[in-house]
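Please report on the model below. Cover the ligand surroundings, the sheet and the helices that go with them.

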Amino acid sequence: MSDVQQNLHDAVKVGIVSISDRASSGVYEDKGLPALQDWLTRALKNPIQFEPRLIPDEQAGISAALVELADAGCSLVLTTGGTGPALRDVTPEATLAVADKEMPGFGEQMRQISLAFVPTAILSRQVAVIRGHSLIINLPGQPKAIAETLEGLKNADGTQAVNGIFAAVPYCIDLIGGPYLETHEAVCKAFRPKSAIRAPRGA
Ligand SMILES: Nc1ncnc2c1ncn2[C@@H]1O[C@H](COP(=O)(O)OP(=O)(O)OP(=O)(O)O)[C@@H](O)[C@H]1O
Ligand SMILES: Nc1nc2c(c(=O)[nH]1)N[C@H]1C(S)=C(S)[C@@H](COP(=O)(O)O)O[C@H]1N2
């Protein structure tokens, strides 16, 4: 029987939001939602209910989608796109507008990680916030940036060279009263203080 069939892991609802004028109007195919869904499915042992949204770079519409997803019980909401300096890039403003708390460490670490991949990493103004029981994190719009920032940089032998931000997500979600997230270590090794580690179910 699989872990899911045995109910070994809490179920989690995750909002995934691709913010792109061109993908949302059909000028090009959206690669943001598939990349988010693929990475989360590879990384998490928990059964995931995805809530996908594909929307244009409009501040009010982005804020409305984030509020709707947080109110619908998404413990985690990941956005992709609209974090740069272009006039239509307003994802950070839309995210901060619905925040109860800002979590600056996520943006700082993502820019640090991304510098290992591209010198233009400093152009991303990405933020992370808490709204109620939801952690909302902005990722850059380049589809490859999703795995890069969540997973970090690995050496040729698979050991971690730079930590991805997802390592800190499960404990953050514990602290805001969400489900207990568990990861596949080959993709991402989550960190929790010893006192916060729960004994495996069914052991
Ligand atoms: N949802 C997406 N699907 C596929 N490719 C994307 C997507 N979003 C961004 N990209 C790619 O990453 C590049 C940089 O993303 P950015 O968010 O800056 O897009 P943009 O230039 O603001 O345009 P748009 O909002 O229309 O996607 C884009 O030019 C495009 O090649
Ligand atoms: N990991 C990673 N971070 C990245 C990039 C990337 O390709 N990989 N692109 C950068 C670029 S070119 C820009 S302009 C900013 C903002 O991108 P966005 O407007 O698509 O969110 O993210 C930066 N961060």
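Ligand 2 is surrounded by 19 residues, and the closest are T83, G84, S114, S124 and G141. A residue is near a molecule if its C-beta atom, placed from the backbone, lies within 6 Å of it. This is a predicted model: local features need pLDDT of at least 70, side-chain atom pairs count only at pLDDT 80 or more, and totals for chains, interfaces and linings use all residues. Residues are numbered from 1 along each chain as its sequence is written, while chains are lettered from A and ligands numbered from 1 in the order in which they are written.

Around ligand 1 there are 17 residues, with S20, R22, K31, G32 and G141 coming nearest. The two shells compare by class as follows.

| Shell | Nonpolar | Polar | Charged |
|---|---|---|---|
| Ligand 1 | four residues | eight residues | five residues |

Ala, Val, Leu, Ile, Met, Phe, Trp, Tyr, Cys and Pro count as nonpolar, Asp, Glu, Lys and Arg as charged, and the others, Gly among them, as polar. Helix α1 (residues 21-24) gives the largest share of the ligand 1 shell, three residues. For ligand 2, α6 gives the most, with four residues. Helices (H or I, at least four residues) and strands (E, at least two) are DSSP runs, numbered from the N terminus.

**Helix α6**

Helix α6 spans residues 143-151; eight of its nine residues are buried, so the rest of the structure largely encloses it. Buried means that 20 or more other C-beta atoms lie within 10 Å of a residue's own; exposed means 12 or fewer, and partly exposed is in between, with C-beta atoms placed from the backbone. The buried set is P143, A145, I146, A147, E148, T149, L150 and E151. These residues pack against α2 (32-43), β3 (76-80), α5 (104-115), β6 (134-139) and β7 (152-154). Contact between two residues requires their C-beta atoms, placed from the backbone, to lie within 7 Å. G152 follows α6 and has a positive phi, near 85 degrees.

**Sheet and hairpin**

Six strands make an open sheet with mixed pairing, in the order β2-β1-β3-β6-β5-β4. Its edge strands, β2 (48-55) and β4 (101-102), each pair on one side only. Two strands pair if DSSP finds at least two bridges between them. Strand β1 (residues 12-19) runs parallel to β2, joined by eight bridges. S18 has L54 of β2 as its bridge partner. Helix α2 packs on this sheet and touches β1, β2 and β3; its direction makes about 150 degrees with that of β1. Axes are lines fitted to C-alpha atoms, for helices over the stretch in contact, and angles run from 0 to 180 degrees between N-to-C directions.

β7 pairs with strand β8 (residues 160-163) in the antiparallel sense, over three bridges. L153 stands opposite V162 of β8. The β7 and β8 hairpin has five residues between the strands, and G158 takes a positive phi near 90 degrees.

**Annotated span and K189**

UniProt, in an unreviewed entry, places the feature "domain: MoaB/Mog" at residues 15-161. Residues 15-161 are 38% helix and 24% strand, with end C-alpha atoms 29 Å apart.

K189 lies in the segment after α7 (169-175). Leaving aside neighbours within four places in sequence, K189 is in contact with A167 and T183.

Conventions
UniProt positions are given in the numbering used here, feature names are shortened, and annotations may be inferred rather than shown by experiment.
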